[in-house]
Amino acid sequence: MAQLEVVGVSKRFGNLRANDNISFSVRGGEVLAVLGENGAGKSTLMKIVSGFLRPDSGRVAVDGQTIPIGDPQAAIRAGIGMIHQHFMLIPRMTVMENLILGREPRTRLGSIDTRQAKQEVEDLSKRFGLHVDPNSPVESLSVGEQQRVEILKAFYRGAKILILDEPTALLTPQETDRLFGSIREFARQGLSVVFISHKLDEVMKISERVMVVRAGQLVDTVDTGQTDAFSLARMMVGRDVDLGASRTTSGLGNVVLTVDHLESQLSKGQPLLGPISFTLRHGEILGVAGVEGNGQQELAELLAGIRLPSSGTILLDDKRVDSLPIRRRLESDIAYVPADRQGEGLVLDLKIWENFILRDYYRPPFRKGLGIDVKVAKARTQAAVDAFDIRPNNIDLPSRALSGGNQQKLLLAREMSRNPRIMIVSQPTRGLDVGAIEYVHHQLMSLAQTGTAIVLISLELDELMKLSDRIMVLFRGQIQGIVARPEFRRDAIGLWMTGQKGQEVRQ
Ligand SMILES: Nc1ncnc2c1ncn2[C@@H]1O[C@H](COP(=O)(O)OP(=O)(O)O)[C@@H](O)[C@H]1O
Ligand SMILES: [Mg+2]
């Protein structure tokens with residue numbers, strides 16, 4: 001019998017059908033992957049299963065017993081444990097305190113029985129290989145360790161059905177491997193695992209079956225052994241997707257950017273970044289890897305001119321640009337696609353075509369007399385909107401009407417069409433669907449082909465390995481290592497990302 005059975009779940013948000021009559025089941029000892037693009041309805045479905053959301057219709061049963069709907073406590077009692085995309089731990093409390101919160105075992109006299117709790121937690125960590133120091137405050141743990149605490153917490157509450165919502169999103173490759181090892185162990189011990197992801201390779205690697213959802217609907221459920229990444233991508237997107245080959249490095253030009261002892265300081269005197277030095281050639285894509293918050297944002301801002309360095313120089317060809325403000329820097333052919341689309345990127349109240357000319361409205365080809373050549377501006381925008389398949393295809397709409405993915409496409413379209421000599425791109429595909437990601441990758445590679453030098457900052461190591469000629473790893477604001485394409489190795493780069501220099505890792 002299926003351990004978890006979900007029947008006919010539907011959920012609307014206003015006019016949006018986030019889940020439309022979805023049914024599925026998971027057996028004990030099985031890993032079921034739930035695959036779908038951003039916004040497909042995966043998290044909504046799992047929040048319903050774990051009682052955090054009340055569906056409009058449908059039911060959830062565990063071991064054949066229907067459980068009360070919209071009741072997280074009932075779901076926990078039935079053995080459903082959900083690991084959310086964003087952890088729900090209390091940073092200042094220790095691992096142990098977080099684990100037993102709300103479930104403190106009591107002695108007969110009513111005080112907290114820490115000894116028994118410790119023993120239970122120790123047993124669980126041993127049984128599942130989830131090691132973490134129970135006395136550490138949660139805020140001192142790495143993301144991977146925090147995730148182990150979340151999983152332990154679910155087990156401590158008796159979970160036998162574990163739901164993991166995009167669990168690898170913030171993990172390093174090593175942490176991901178380790179998590180996959182644990183997941184296999186959970187399944188081996190007879191637990192049911194629901195693994196949610198939008199990454200094809202992960203789904204292929206870890207699951208027995210894959211359920212694909214698209215726009216709130218169940219597309220199909222297939223045996224992983226009977227399918228491949230290409231078919232899954234087609235089900236996920238609804239049309240053929242070119243999964244694209246990696247780039248091969250060829251014909252790099254002269255050095256165009258020289259960064260020398262660049263440093264950005266906090267007021268306390270502690271450097272946020274640097275001092276760092278590197279060069280960039282025409283036509284080169286330099287990937288910048290690192291765990292979030294290790295100086296990537298500062299680097300992007302220093303190169304783009306939003307932040308001025310405390311010391312060091314940036315040379316564009318032989319000209320110093322480090323003290324030029326952003327507008328002058330943009331005029332010297334540095335384009336910038338920030339991670340935050342709405343801060344430095346788009347003005348959401350402006351129309352799509354107005355955003356498209358935002359950087360260059362005061363100069364040709366958009367300037368006409370004292371005003372703007374609206375005809376040219378609109379024609380250029382329309383061409384870009386068509387090329388990037390930005391939807392809705394209506395350049396007079398305010399940019400606010402676009403979804404996050406389409407805003408990102410608009411921003412990329414604008415910056416790419418400026419034909420920059422250097423392009424700084426931060427998280428260009430975050431929140432985009434597979435089809436759009438492939439398109440953006442293709443565009444970045446073509447742009448490099450025409451000689452633009454690209455600094456590509458991304459948290460997705462796969463993306464960096466696919467597109468970059470070299471990968472530079474930042475750790476605590478320092479360059480931990482730089483490696484060129486033939487020597488890319490996930491494990492070595494992953495070690496650098498955590499600040500380790502493994503023996504076999506060399507520059
Ligand atoms: N609380 C909410 N209110 C309104 N819309 C929501 C809410 N939660 C999710 N949505 C919408 O429902 C759709 C499915 O979202 P979600 O389940 O988070 O997708 P996924 O996890 O597959 O990325 C999206 O279009 C999202 O914007
Ligand atoms: Mg989600």
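## How to read the model

Residues are numbered from 1 along each chain as its sequence is written, and chains are lettered from A and ligands numbered from 1 in the order in which they are written. Because the model is predicted, local features need pLDDT of at least 70 and side-chain atom pairs count only at pLDDT 80 or more, while totals for chains, interfaces and linings use all residues; side-chain values use heavy atoms, with hydrogens and water left out.

## Around ligand 1

Which residues surround ligand 1? They are Phe13, Leu16, Ala18, Glu37, Asn38, Gly39, Ala40, Gly41, Lys42, Ser43 and Thr44, where a residue counts as near if one of its heavy atoms lies within 4 Å. This shell divides into four nonpolar, five polar and two charged residues. Here Ala, Val, Leu, Ile, Met, Phe, Trp, Tyr, Cys and Pro count as nonpolar, Asp, Glu, Lys and Arg as charged, and the others, Gly among them, as polar.

Now look at the polar contacts (pairs of N or O atoms within 3.5 Å). An oxygen atom of ligand 1 is 2.7 Å from a polar backbone atom of Gly39, and for Gly41 the distance from a polar backbone atom to a ligand oxygen is 2.9 Å. Ser43 also takes part, with a backbone N or O atom 2.9 Å from an oxygen atom of ligand 1. Taken alone, ligand 1 exposes 560 Å², and the protein buries 58% of that (accessible areas by the Shrake-Rupley method with a 1.4 Å probe). Both β2 (16–26) and α1 (42–49) give two or more residues to the shell, and α1 has the largest share, three residues. These elements are DSSP runs numbered from the N terminus: helices (H or I) of at least four residues and strands (E) of at least two.

## Strands side by side

Strands of a sheet pair through backbone hydrogen bonds, either parallel or antiparallel. In this report, two strands pair if DSSP finds at least two bridges between them. One open sheet has four strands in the order β2-β1-β4-β5, with antiparallel pairing. Its edge strands are β2 and β5 (65–66), each pairing on one side only. Inside this sheet, five bridges join β1 (4–13) to β4 (57–62), and Leu4 has Val62 as its bridge partner in β4.

Elsewhere, β11 (255–265) and β14 (311–316) run antiparallel and are joined by five bridges. Leu316 of β14 is the bridge partner of Leu257, and Leu316 also stands opposite Lys319 in β15. The hairpin of β14 and β15 has two residues between the strands, and Asp317 takes a positive phi near 55 degrees there.

## Empty spaces

Rolling a probe the size of a water molecule over the atoms shows where empty space is left. On a 1 Å grid over the protein atoms alone, a cavity is a set of points where a 1.4 Å probe fits but cannot get out, and a pocket is an open set with protein on both sides within 12 Å along at least five of seven lines; lining residues have an atom within 4 Å of a point. Grid points are joined across faces, edges and corners, and a volume is the space filled by probe spheres set on the points.

The structure holds one cavity of 30 Å³ or more, and the largest cavity has a volume of about 70 Å³. Its lining has four nonpolar, three polar and three charged residues. The second largest pocket has a volume of about 510 Å³ and is lined by 28 residues. Helix α6 gives the largest share of that pocket lining, five residues.

Note on methods
Polar contact = N/O pair within 3.5 Å; in protein donor to acceptor, adjacent residues only side chain to side chain.
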